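This briefing sets out the packing, charge pairing, ring contacts and strand pairing of one protein model. The structure is shown first, and the points follow by topic.

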Amino acid sequence: MKIVGLAGWSGAGKTTLLVQLLERLTARGVSVSTVKHAHHGFDVDVPGKDSHRHRMAGAGEVLVASSRRWALMHERRTPREAALSELLPLLSPVDLVLVEGFKHEAHPKIEVHRAANGKPFLFPTLHDVRGLISDVAAPPGWNVPLVALDDLDGAAELVLNAAAPRKAVLAALAAAAAPALAES
């Protein structure tokens, strides 16, 4: 299992690109899972349904299963967000995990940049950026691969080449978290 993230400002086209990459990669026979960071509260449950009632009554986890899919909802009773290092081990084995968001975590990532956004590049402040997918030329000092936003085959190759093995990613995430833990 290999892991790589897509990082960029809101409106850069990360989700659109991720969906297009999923279609391209799965058509090639690559099994892919995703991890998506949400900056706001969200709920996949439906108020009034049994599973929602279980959660509201205090269940820490509720697993809902049918013949077509299953979903595990885990309630976090603390304000701290789950770290990527906590979430990756929850996934079943696949060839590739695409991470959207979590841009400040220490996993390999590709920056998605769109000029119309009017935002600066993120790469100078991010850890382990291995490529750029953009609609503009690479900025001065850029020394990793650049692929055009509309080059989906090139983007798929960049993603596959930039991904790192799960064990290495978890080690990097742990190493990056160690100083923060030592300070607390």
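A residue is called buried when its relative accessible area is under 20%, exposed when it is over 50%, and partly exposed in between, with a 1.4 Å probe and protein chains only. The model is predicted: local features need pLDDT of at least 70, side-chain atom pairs count only at pLDDT 80 or more, and totals for chains, interfaces and linings use all residues. Residues are numbered from 1 along each chain as its sequence is written, and side-chain values use heavy atoms, with hydrogens and water left out. Helices (H or I, at least four residues) and strands (E, at least two) are DSSP runs numbered from the N terminus.

**Nonpolar cores**

- A nonpolar core is a set of buried Ala, Val, Leu, Ile, Met, Phe, Trp, Tyr and Cys residues joined through side-chain atoms within 4.5 Å.
- The largest such core has 23 residues, and Leu25 and Leu96 have the most contacts inside it.
- At least two residues of this core come from each of strand S1 (2-7), helix H1 (14-27), strand S5 (96-100), strand S6 (109-113) and helix H4 (152-162).
- Helix H4 supplies the largest share of this core, 6 residues.
- A second, separate core holds 12 residues, among them Val94, Val97, Val99 and Ala164.
- Leaving aside neighbours within four places in sequence, Leu25 is in contact (heavy atoms within 4.5 Å) with Val30, Val32, Leu96, Leu98, Ala156, Val159 and Leu160.

**Salt bridges**

- Side chains of opposite charge can pair when their charged atoms come close.
- With a salt bridge defined as a side-chain nitrogen of Lys or Arg within 4 Å of a carboxyl oxygen of Asp or Glu, the count comes to 6.
- Glu157 and Arg28 form a salt bridge at 2.5 Å, N to O.
- This pair links distant parts of the chain, 129 residues apart: Glu157 is in helix H4, and Arg28 is in the loop between H1 and strand S2 (32-36).
- Glu157 is partly exposed, at 35% relative accessible area, and Arg28 is also partly exposed, at 39%.
- Arg55 and Glu75 likewise form a salt bridge at 2.5 Å, N to O.
- Asp128 and Arg130 form a salt bridge at 3.0 Å, N to O; Asp128 is partly exposed at 26% relative accessibility, and Arg130 is partly exposed at 29%.

**Aromatic rings**

- Rings of Phe, Tyr and Trp (its six-membered ring) pair if their centres lie within 6.5 Å; planes under 30 degrees apart count as stacked, over 60 as edge-to-face and the rest as tilted.
- The structure holds 2 aromatic pairs.
- Phe123 and Trp142 form an edge-to-face pair, with 4.2 Å centre to centre and 75 degrees between the planes.
- Phe123 lies in the loop between S6 and strand S7 (129-134) and Trp142 in the loop between S7 and strand S8 (146-148), so the pair ties together parts that are 19 residues apart in sequence.
- Trp142 is buried, at 14% relative accessibility.
- Ring pairs link Phe121, Phe123 and Trp142 into a cluster.

**Strand pairing**

- Two strands pair if DSSP finds at least two bridges between them.
- Strand S3 (residues 61-65) pairs with S4 in the antiparallel sense over 5 bridges.
- Val62 has Met73 in S4 as its bridge partner, and a hairpin through 4 residues joins S3 to S4.
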